[in-house]
Amino acid sequence: MLKIKNLHASINNKKILNGINLTLKPGEIHVLMGPNGSGKSSLAKILAGHQDFDVSLGTITLDGKNLLEAAPDIRSEMGLFLAFQYPLEVPGVNLRNFLRLAYNTKQPELKKLPVFAFKNLMREKAKLLELDETLLERNLNEGMSGGEKKKCEILQLAVLEPHYAILDETDSGLDLDALKTVFSALKKLMKTGKRMGILVITHYQRIFEYIKPDKVHIMLKGSIVDSGDYKIVKKLLKSGYKHYT
Amino acid sequence: MKNTLQQQKTNSASLIKTEVATAVAINKDYREKYGFKDRIANSTDIGAGINKTTIKKISALKSEDEWMLNKRIQAYHVFENKPMPSWGADLNGIKFDKIHYFVKATQNRARSWDEVPRVIKTTFDKLGIPQAERKFLAGVATQYESEVVYHNLLEKWNKLGIIFSDTDSAYKLYPEIFHQYFGKAIPATDNKFAALNTAVWSGGSFIYVPKGVKVDIPLQAYFRINAQNMGQFERTLIIADEGSQIEYIEGCTAPVYTTDSLHSAVVEIFIKKNARVRYTTLQNWSTNVYNLVTKRALVYENGIMEWVDCNLGSKVTMKYPSVYLLQPGAHGEVLSIALAGKGQHLDAGAKAIHAAPNTSSLIQSKSICKDGGRTSYRGMLKILNGAKGSKSKISCDALILDNKSRTDTYPTNIVNEQNVSLGHEASVSKVNQEQLFYLMSRGLTEAEAASLIVSGFIEPIVKELPMEYAMEMNALIQMTMAGSVG
């Protein structure tokens, strides 16, 4: 269970989160919506351990373990994954070599994969995402289109198999076909192996054509102003965020 | 093209392996035949300091003729009269009267393994350098065991008419070639250290490749490193005759420990019509060494010169490999990497002179500084009047890993012709915190993430290195980064 409790945070002395509460259970899909600047992406970065944010109050635990004290790499080891809104280009770093390094740090000695076996694993996951195989030989996000970068994030997710994944606006930049592929792949991943819990951050309502979330949260000015089941979406579709202001 | 090169590299690796497997006892007379051992009798040290008498002694010890002695004496006068260059790195630590200008290196010079600094030993460990090689690199042994393999390759090259030997021996055997080329690319008057080298030079490599001969295995100083190559004042002369092609590699990724404080080499290369030479350097002198080297290639019609220059070690390096594009269609490249750590100042760059129409040059420099280290890019591009249709592309990128370190760029572009194309890009960046965060969020430690970023930064040049060197290079980067982060 990924549990955010009364989380207050700021950046450069500017308050951005005002007591967030959110609980994501294994196997659940939650959608977090809100207008630009409501604090969604800040929450995502704080979850992954970005150093620019100060958490003044509240706790985040992952399966009972304190997340806030851990460095980003430790959080990854604990089973957290953030698909970045703007994945960073790392010039000269081969995607496959990098991902193999990341994969192997999480494996016990005997399960670490040599180059060839890892190539196969990546191919298999790429198929799931209907990814062009040439993408696997590219450098990490270097020169990739917006859509390719987003798919590449999901490929990383598929290979690393986290317990909890946060998708920060993965849907923006993807065309409708790609969106469909990505979310059907995610559903397949949720069924196999670990029962991954997913928090989808978006501000596009079109997402609901592809997923049926267990819970929807509406965020405004650093607070979650409404949480509930799919019914909230209908309310939102009808009158937008105005309803909450 | 890239594939062919890669293929060549793989071929050479497997060929070398085969050579090792088939290496059998070789004739004893190979030594005399090819001169890979020092021919001067007994180990000799003429003492510290330099004057006309010491130069005469050096020449006499080498039983040289008057021609070379005169060159040396003339050069010595130039050396004496030229002021220390004041435009670059701080050279005040060089004490010319404390330097031993001629030490005949034999077993006598070897030090004991116990004297080798621990940091050097640790590096050998981490890089997985074989024991025999370690002792050589640390100056404990003066002979490197792969000589057997080397001699087999040498025989092959010899059949093709290639001459590859140490420069001293070559001068005895082919004085007429020296009269034609020695000092013609880099005259003693070029700079103070070229003059010094000309006055006191010893060792280095001599290569002559006949017309149309192409060699797909890099000729490596690595295989024949003995004290002659690793000397302080080595002199290298390479002549690639029309349509020939070779690659030469000097140095190695592992640190080379020496107590000598000045290394001042001169490398002259002549590339005839349609010939191609690639000269790769991996410099990792221990950090007490002033490394002041002059390297220049004269390139004739449609010839290609490629310098690949990696500088990791030394206290101070000043080195600007040059290409003089003298006839139409000549092409020159200078690709360089500099990694400066604590107490190091690496002032490196390139020089390209376009002196004929339709010549082209590519200069790419990547430098990294950390722990208070300093890198400088210093470049000179000249397009002379009449060099119509010439093209040049220069890019220099610097990466700074912390706030204690420093990098500077000193580019000079002089263009005296209208109809040319010139591109110049420069960038300075710090290791990006967002990139670090991104990589760490995938489970990499901070040191792993940083070393990945650095490896990626130099990748465009590292991929030009033979595979085994590229791997060592990456291992070395990982090692240095592990020590500097967190």
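## Strands and partners

Two strands count as a pair if DSSP finds at least two bridges between them. Keep that in mind as we look at this model, which is predicted.

Take strand β3 of chain A, residues 29–33, and strand β8 of chain A, residues 197–202: they run parallel and are joined by 5 bridges. Within this pair, A:Val31 sits opposite A:Val200 of β8(A).

## The whole sheet

Now zoom out. In chain A, β3 and β8 belong to an open sheet of 6 strands, and reading across you get β6-β7-β8-β3-β9-β10, with mixed pairing. Which strands stand at the edges? They are β6 (80–83) and β10 (223–228) of chain A; each has a single partner strand, so one side of each has no neighbour in the sheet. Going from one strand to the next, the twist averages 20°.

## Helices on the sheet

Helix α1 of chain A, residues 40–48, packs on the sheet and touches β3, β6, β7 (164–168), β8 and β9 (215–220) of chain A. The direction of α1 makes about 145° with that of β6(A).

Helix α5 of chain A, residues 146–160, packs on the sheet too, touching β6 and β7 of chain A. For α5, the angle with the direction of β6(A) is about 165°.

## Where chain B meets chain A

The contact between the chains draws on 21 residues from chain A and 19 residues from chain B. On the chain B side, α11 (433–440) and α12 (446–462) each supply at least two residues. Which element gives the largest share of that side? That's α12(B), with 8 residues. Sorted by class, the side of chain B that touches chain A has 9 nonpolar, 6 polar and 4 charged residues.

Key
Residues numbered from 1 in each chain as written. Chains lettered and ligands numbered in written order. Predicted model: local features only at pLDDT ≥ 70, side-chain atom pairs only at ≥ 80, totals over all residues. Helix = DSSP H or I, 4+ residues; strand = E, 2+ residues; numbered from the N terminus. Axes fitted to C-alpha atoms, helices over the stretch in contact; angles between N-to-C directions. Contact = placed C-beta atoms within 7 Å. Nonpolar A, V, L, I, M, F, W, Y, C, P; charged D, E, K, R; others polar.
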